[in-house]
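Please examine the sequence and the model shown below.

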Amino acid sequence: MLINERLDRLGENPFVRLNALLAPITPRANERPVLLSVGEPQHAPPPFLAEVIAAHGDLWNRYPPVMGTDDYRQSVADWLARRYGLEPGMVEPQRHVLVLCGTKEGLYLATQLAVPQIESGRKPVVLLPNPFYLVYRGAASMAGAEIQPMPTTRATGFLPDFDAMAPQTLERTALAFLCSPANPQGAVASLDYLKRAIQLAREYDFTLIVDECYSEIWDKAPPTGALEACRALGGSLDNVLIFHSLSKRSNAAGLRCGFVTGDPKLIAKFQTLRSFGASQVPMPIQAGAAALWRDEAHVEANRALYRSKFDIAERILGGRFGFYRPAGGFFLWLEVGDGEAAARRLWQEAAIKTLPGGYIGLPDANGENPGAGFLRVALVHDDATLTNALERLAQVL
């Protein structure tokens, strides 16, 4: 049987690896298992979401437009203008916004869109932060690109250092991924950082993908967005694609409705690609999603719940395991020496499931995986469950 050989380059899914690591272990029977390994929001979405979807039930028999309904795209453009202080017309719903069946799909397809077979006479390069969201690597692998991991460590402020890349590599770069707030470390890119990344993308003519799906979960101040950097550079969206999701912002991971905004030339090509290989988002779902983008009250309440979780984590773990309070997102990135060993021990002795940091990283040129000494811990449970789990974690480690 002939199968695309690029599948062999995907690597193993980190959660499949985790299941294999922990399968032989029976956790302590007197502890209730708590899964801190997956970033799945546990807060309830606002009640009006179900009401809006039900009110548009007469639309279930309609094929939705691939680009999204006019109302959905208008709600997105309006939200972007409010959130990032944009001038009228900088983001036009018909030219700059495309609905997505979740940003996971969008990130994957955008890579197929932006990576050619040949770049500057050689195999194209895709830059990705290291550690990374698994879709970045999978999409680059299936596009046939050469993957260039960029370490995101304390030394780099937990963000990739684009200026450390050799000009020869940048000349072959077709696409670069950036996540802010970062998954897993929660670092937030500054305005100057984003401007520099965009300038490099334009200088070397590659696509910069900015994944901002954690943008609305922040501690002290709202993270700067790539659109603000584009505005500061004159307003052009050239070479930039920006992704947003309702999964974390509105606790609607099962809704599967997000969007991409950015360079209108890329958006037009993206729309064509989606028409051949992506699922359309049902119109009742888009109506519910539009209502979510138009409401901030539930987002503010959600953000307060996450602040409470970080208060708990700081009280229990402060001063240990390299703990720091991240600027955004809902993960802890704990230094434990050996991520796999710590994950095994926590499952066996405390019935707590965490993700070894090395499972979402790749070895660098020296063979060192920058995530190997860490655990990623998702702070998604209610305060009582989280308190108990973190106390057990601290006791075992």
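Which residues make a nonpolar surface patch of about 400 Å²? In this predicted model, the patch is formed by Met1, Ile3 and Leu7. Of these, isoleucine 3 belongs to the segment before α1, a helix that spans residues 14–22. Its relative accessibility is 53%, and because the threshold for an exposed residue is over 50%, isoleucine 3 counts as exposed.

The segment before α1 also contains glycine 11. Glycine 11 has a relative accessible area of 39% and is therefore classed as partly exposed, a category that lies between the 20% and 50% cut-offs.

The loop between β7 (240–245) and β8 (258–262) holds serine 247. Is serine 247 buried or exposed? With a relative accessibility of 8%, serine 247 counts as buried, because the limit for that class is under 20%.

The surroundings of serine 247 can be described residue by residue. When neighbours within four places in sequence are left aside, serine 247 is in contact with Pro41, Ala252, Ala253 and Arg256. With arginine 256 there is also a polar contact, made between the side chains of the two residues at 3.5 Å.

Conventions
Residues numbered from 1 in each chain as written. Predicted model: local features only at pLDDT ≥ 70, side-chain atom pairs only at ≥ 80, totals over all residues. Heavy atoms only, no water. Helix = DSSP H or I, 4+ residues; strand = E, 2+ residues; numbered from the N terminus. Buried < 20%, exposed > 50% of the residue type's maximum accessible area, 1.4 Å probe, protein only. Polar contact = N/O pair within 3.5 Å; in protein donor to acceptor, adjacent residues only side chain to side chain. Contact = heavy atoms within 4.5 Å. Patch = residues over 30% accessible without salt bridge, like charges linked within 9 Å, V, L, I, M, F, W, Y side chains within 5 Å. Areas by Shrake-Rupley, 256 points an atom, 1.4 Å probe, with all protein chains shown as cover. Salt bridge = Lys/Arg side-chain N within 4 Å of Asp/Glu carboxyl O.
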